[in-house]
Amino acid sequence: MSKRILITGAGRRLGKVLALHFLQQDWQVVGHYNTVSELPDHDSLSLLQANLADTADTLRLCQQLQHQPAFDAVIHNASCFVPDAAGGHTPAEQAAHLTAHLNVHIVAPALITQCLEHQWNAGAAMVVLADIYADLPNQRFSAYCSSKAGLQNWALSMAQRLAGRVRVNVIQPGPIQFLPDHDDAYRQRVLSQSLVPHELGYGAIIKACDYLLDNEAVTGSVMRVDGGRFVANRYDQIFSAD
Ligand SMILES: NC(=O)c1ccc[n+]([C@@H]2O[C@H](COP(=O)([O-])OP(=O)(O)OC[C@H]3O[C@@H](n4cnc5c(N)ncnc54)[C@H](OP(=O)(O)O)[C@@H]3O)[C@@H](O)[C@H]2O)c1
């Protein structure tokens, strides 16, 4: 029988590529999306829509998931990536900005995982997409970085709580795939800050997911897939003048 996987944020970019990858491996894929799904129709694909920044909408999604057959894997991939306001936020804006990041990165994964309490197949595994900036502060993206840090810590708590039933691991991607509007100067600057001097591509994260879902010895781990950027950056932060 086919294995079943839930992927959040599967409508486009990495989540879409992950969904297509698992469909190619003959998995049944439940793909959550927010605004739009670019996934083609497929007999083994079902789609569920929810805005995970809105907890009421997440709870509606959870009700739908509770009627699903058990899962072999979940990838918490959905992400909110909004810079802090350059000129500062009003208190109300700050509350909304932080709440959106915390809801998408921590509240939604926690509620979804809780609602699947009795819906794991034997040998199941969960992967959480954090970021190398979960371990690095960044004043322009403080809501993003701090909520990814919370997501990572939550995931490691789940590795403890679900031990023996679900393995839980974290991937910290670095910049993996440039956007079309990233110009050459930006690309060269980013690549010059990494130890692997070329674009990694979504395939690097797919390989990491395959490994973490497959290796029954690995749980509670944090895996950087960043071309060495974390190490390179730390060197710069400690020793460079700028
Ligand atoms: N790309 C990179 O270089 C990179 C680097 C470090 C970490 N990561 C992490 O790797 C994962 C995948 O990267 P990515 O670039 O593909 O991420 P992304 O495009 O920023 O976001 C992934 C998905 O999250 C969904 N999403 C955004 N807001 C949402 C909301 N309120 N409710 C529900 N879903 C929402 C998006 O759907 P909509 O577009 O429809 O809103 C999108 O499909 C993310 O967790 C990201 O933080 C990526």
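Is Arg 60 buried, partly exposed or exposed? Partly exposed, with a relative accessible area of 32%. That's one residue in a predicted model, and here are my notes on the rest.

1. **Arg 60 and its partner.** Arg 60 makes a salt bridge with Asp 57, and the closest N and O atoms sit 2.8 Å apart. Both residues belong to helix H2, 3 residues apart, or about one turn of the helix. Asp 57 is buried, at a relative accessible area of 15%, whereas Arg 60 is partly exposed.

2. **Helix H1 to the S2–S3 loop.** The structure has 3 salt bridges. One of them pairs the side chains of Lys 16 and Glu 38, at 3.3 Å from N to O. This pair ties together distant parts of the chain: Lys 16 is in helix H1, while Glu 38 is in the loop between strand S2 (28–33) and strand S3 (45–49), 22 residues apart. Lys 16 has a relative accessible area of 22%, so it counts as partly exposed. Glu 38 is partly exposed too, with 42%.

3. **Loop to loop.** Glu 117 forms a salt bridge with Arg 165, with 3.4 Å between the closest N and O atoms. Again the link is between distant parts of the chain: Glu 117 lies in the loop between H3 and S5, and Arg 165 in the loop between H4 and strand S6 (166–173), 48 residues apart. Both ends are partly exposed: Glu 117 at 32% and Arg 165 at 36%.

4. **Gln 119.** You'll find Gln 119 in the loop between helix H3 (91–115) and strand S5 (120–129). Its relative accessible area is 9%, so Gln 119 is buried. The side chain of Gln 119 reaches the backbone oxygen of Gln 68 at 2.8 Å.

5. **The ligand site.** There are 25 residues around the ligand, and the closest are Arg 12, Arg 13, Thr 35, Leu 52 and Asn 77. For Arg 12, a polar side-chain atom comes to 2.7 Å from a ligand oxygen. The side chain of Asn 51 has an N or O atom 2.8 Å from a nitrogen of the ligand. Asn 77 uses its backbone instead, with an N or O atom 2.8 Å from a ligand oxygen. On its own the ligand has 870 Å² of accessible area, and the protein covers 86% of that. Helix H1 (13–24) and helix H4 (142–161) are the elements that give two or more residues to the shell.

6. **Cysteines.** How many disulfides does the structure hold? It holds 0. The pair to look at is Cys 115 and Cys 62: the sulfur of Cys 115 has its closest cysteine sulfur in Cys 62, at 3.9 Å, which is too far for a bond, because a disulfide needs the two sulfurs within 2.5 Å. Cys 115 is buried at 10%, and Cys 62, in helix H2 (residues 55–65), is buried at 5%. Cys 209 is buried as well, at 0% relative accessibility.

7. Leu 195 sits in the loop between helix H5 (184–192) and helix H6 (202–214). With 57% relative accessibility, Leu 195 counts as exposed.

How values were computed
Residues are numbered from 1 along each chain as its sequence is written. This is a predicted model: local features need pLDDT of at least 70, side-chain atom pairs count only at pLDDT 80 or more; totals for chains, interfaces and linings use all residues. Side-chain values use heavy atoms; hydrogens and water are left out. Helices (H or I, at least four residues) and strands (E, at least two) are DSSP runs, numbered from the N terminus. Buried means under 20% relative accessible area, exposed over 50%, partly exposed in between (1.4 Å probe, protein chains only). A residue is near a molecule or strand if one of its heavy atoms lies within 4 Å of it. A polar contact is a pair of N or O atoms within 3.5 Å; within protein, one must be able to donate a hydrogen and the other to accept it, and residues adjacent in sequence count only if both atoms are side-chain atoms. Accessible areas come from the Shrake-Rupley method with a 1.4 Å probe; for residues, only the protein chains shown count as cover. A salt bridge is a side-chain nitrogen of Lys or Arg within 4 Å of a carboxyl oxygen of Asp or Glu.
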